[in-house]
Amino acid sequence: MLETLVNGLSRGAIYALVALGYTMVYGILGMINFAHGEMFMLGMFASAFALGALGSAGLVSVGLTLPIAILVAMALSAGFGAMNERMAYRKLRGAHLLAPLTSAIGMSIVLQNFVMLSVTKGKKDFPQSVSAPLADTRWSIGPLNISALQVLILGSTFVLMIGLWFVIQRTRLGIALRAVAQDRTMASLCGMKVDHLITWAFMIGSALAAAAGTMVAMYQGVIRFDAGYTLGLKAFAAAVLGGIGNIPGAVLGGLLIGLAEDLTTSAVGADWKHTSSFALLILVLLLRPRGLLGERVADKV
Amino acid sequence: MATEILSMESIRAGYGPNDVLHGTSLRVDSGEIVALLGGNGAGKTTTLGILAGTVAPRTGTVRWMGKDISRHSIADRLRQGLVLCPEGRRIFPRLSVEENLVAGTWIRDPKATPRKIREAYDRFPILGQRRGQLGGTLSGGEQQLLAIARALMSEPKLLMLDEPSLGLAPLVVERIFSILVEINACGTPVLLVEQNANQALKIAHRAYVLSTGTLVREGTGQELLASDEIRRAYLGGD
Ligand SMILES: Nc1ncnc2c1ncn2[C@@H]1O[C@H](COP(=O)(O)OP(=O)(O)OP(=O)(O)O)[C@@H](O)[C@H]1O
Ligand SMILES: [Mg+2]
């Protein structure tokens, strides 16, 4: 039971990291970033290549290679996030809502195909140099048996979330991001470059997704070009469950969906886990159409 | 000797096919409070938009300290000290009072922010008491104070205000206007758009009256207050 909870929380923490990107972009732009799942997938591949390169350069110390790989993945996805914003969203600002939606789906297909054609259309092994020792190191704390990898996932998600909270709540950039989300006209009258700040929101969200991608890759040991699809959907569900546009909501939604999946898996079997997470979403939306921590539309605009 | 700091010359501007301003010219000299009066839809907000850079002119020039700034961005004009406190106050509703103030410092050196926040609270103690409260929870009068304080955080060399008295109780309006006089006394020229013409003319050195995009009258505050024609047409006739 305790282990199920820990598994659910680790899974949920990953969903939450990706959900934060959906919710940030929605908060500032009022639109869903349909290419966001690909930022997660690109993060997987970027860290795989980074670890591979570091390994062949003779660097194997986990304490060094892993942080580097995560940072590389975050930076690369942030770059793709900025590109996605420019190509799929900025050009179409002011157009009908369906236009950026379509272009983002297009962007998502392009990125998937790019990875499929340039890397592999099958599975790619994630370098085991880092993940294997972490997964094999297990600690028992009372009745709880937990791997170093899970500790790492929970720990780094926690650190990233605190970092995001700090940026959003305590820095000038965070104030500007929230200002643009609340009143774009007034933000520009304060001299804020609205376009740049929207790009920042995409970049931050993409970087978090890439970090999540790295951790999932370590956990699963294999990566695929279409890995962003299901995970993106789950994270999107998490963002909606928590109240899209609301940052604590994304975290709450992610954790709840993660827990629901692992509790279902241990109770009735893994086949039911997708059903349970979306059933949970539908149930919550029936009771609270704006999500758990969502604001009413009137407060939002 | 007053020198001209801001002017617009023969500005035509509008939205869609129609012009709202038909070759409008006006100026603000150093040290002045200038009122821009006119009824609903006369083009007052559009005029401020031209000056602040939110509306692009079709023809004509905007000059700031002698330099043509017609094509400068909003942020560039802000940096040069041209600050607009917009219609409807536009407080960020879910930023705290203090964060609203910080938003006003975006184009300025962040190192000066703590000092400027202290000064704002000294000037407007009520904002200091409400520093952690969300902007959207303030009363209308408090929001207007905050809007002015936020504009001051941008360090204006000219402060433009769009109907700061709108929807406020008479006592609060008086307080807002006396603050504007105070700001002006410290050396900052003020361009004040108002429908509350009587009050505005009492503090204005000079005033323009705008009617459907054309300036129909210019004069000192006293002259316009004394003019029967203006009183009847624009000041509500009392
Ligand atoms: N964004 C816009 N798009 C189209 N028309 C506009 C826009 N803004 C203003 N107008 C029109 O331009 C004219 C002048 O508007 P403006 O806001 O400048 O007037 P105003 O003098 O500020 O009026 P008020 O006292 O009501 O604030 C009005 O007829 C208005 O309907
Ligand atoms: Mg107006």
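Visitor: How many of the 9 residues of H1(B) are buried?
Guide: Eight: 8 of its 9 residues are buried, so H1(B) is mostly covered. Buried means under 20% relative accessible area, exposed means over 50%, and partly exposed lies in between (1.4 Å probe, protein chains only). Helices (H or I, at least four residues) and strands (E, at least two) are DSSP runs, numbered from the N terminus.

Visitor: Where do these numbers come from?
Guide: This is a predicted model: local features need pLDDT of at least 70, side-chain atom pairs count only at pLDDT 80 or more, and totals for chains, interfaces and linings use all residues. Residues are numbered from 1 along each chain as its sequence is written, chains are lettered from A and ligands numbered from 1 in the order written, and side-chain values use heavy atoms, leaving out hydrogens and water.

Visitor: OK. Which residues of H1(B) are buried?
Guide: They are B:Lys44, B:Thr46, B:Thr47, B:Leu48, B:Gly49, B:Ile50, B:Leu51 and B:Ala52. After the helix comes B:Gly53, with a positive phi near 100°.

Visitor: And B:Thr45, what is its relative accessible area?
Guide: It is 35%, so B:Thr45 is partly exposed. B:Thr45 also coordinates the magnesium ion (ligand 2) through OG1.

Visitor: New topic. How much area do chain A and chain B bury between them?
Guide: About 2000 Å², with 61% of it on carbon and sulfur atoms. A:Arg172, A:Gln182 and A:Leu189 supply 35% of what chain A buries against chain B, more than any other three residues. Buried area is the accessible area (1.4 Å probe) that two parts lose on being put together, summed over both.

Visitor: How many residues does each chain bring?
Guide: Chain A gives 22 residues and chain B gives 23.

Visitor: How many salt bridges cross over?
Guide: The rule finds 2. A salt bridge is a side-chain nitrogen of Lys or Arg within 4 Å of a carboxyl oxygen of Asp or Glu. A:Asp183 pairs with B:Arg90, with the closest N and O atoms 2.9 Å apart. On the chain A side, helices H7 (172-182), H8 (184-189) and H13 (297-300) each give two or more residues. H7(A) gives the most, with 7 residues.

Visitor: How many salt bridges are there over all chains?
Guide: There are 22. One of them joins B:Glu9 and B:Arg63, with the closest N and O atoms 3.2 Å apart. B:Glu9 is in strand S1 (4-15) of chain B and B:Arg63 in strand S4 (59-64), 54 residues apart. B:Glu9 is partly exposed at 29% relative accessibility, and B:Arg63 is partly exposed at 27%.

Key:
Donors are N, O and S atoms within 2.8 Å of the metal (3.2 Å for Na, K and Ca); water is not among the atoms, so sites may look incomplete. Contact means heavy atoms within 4.5 Å.
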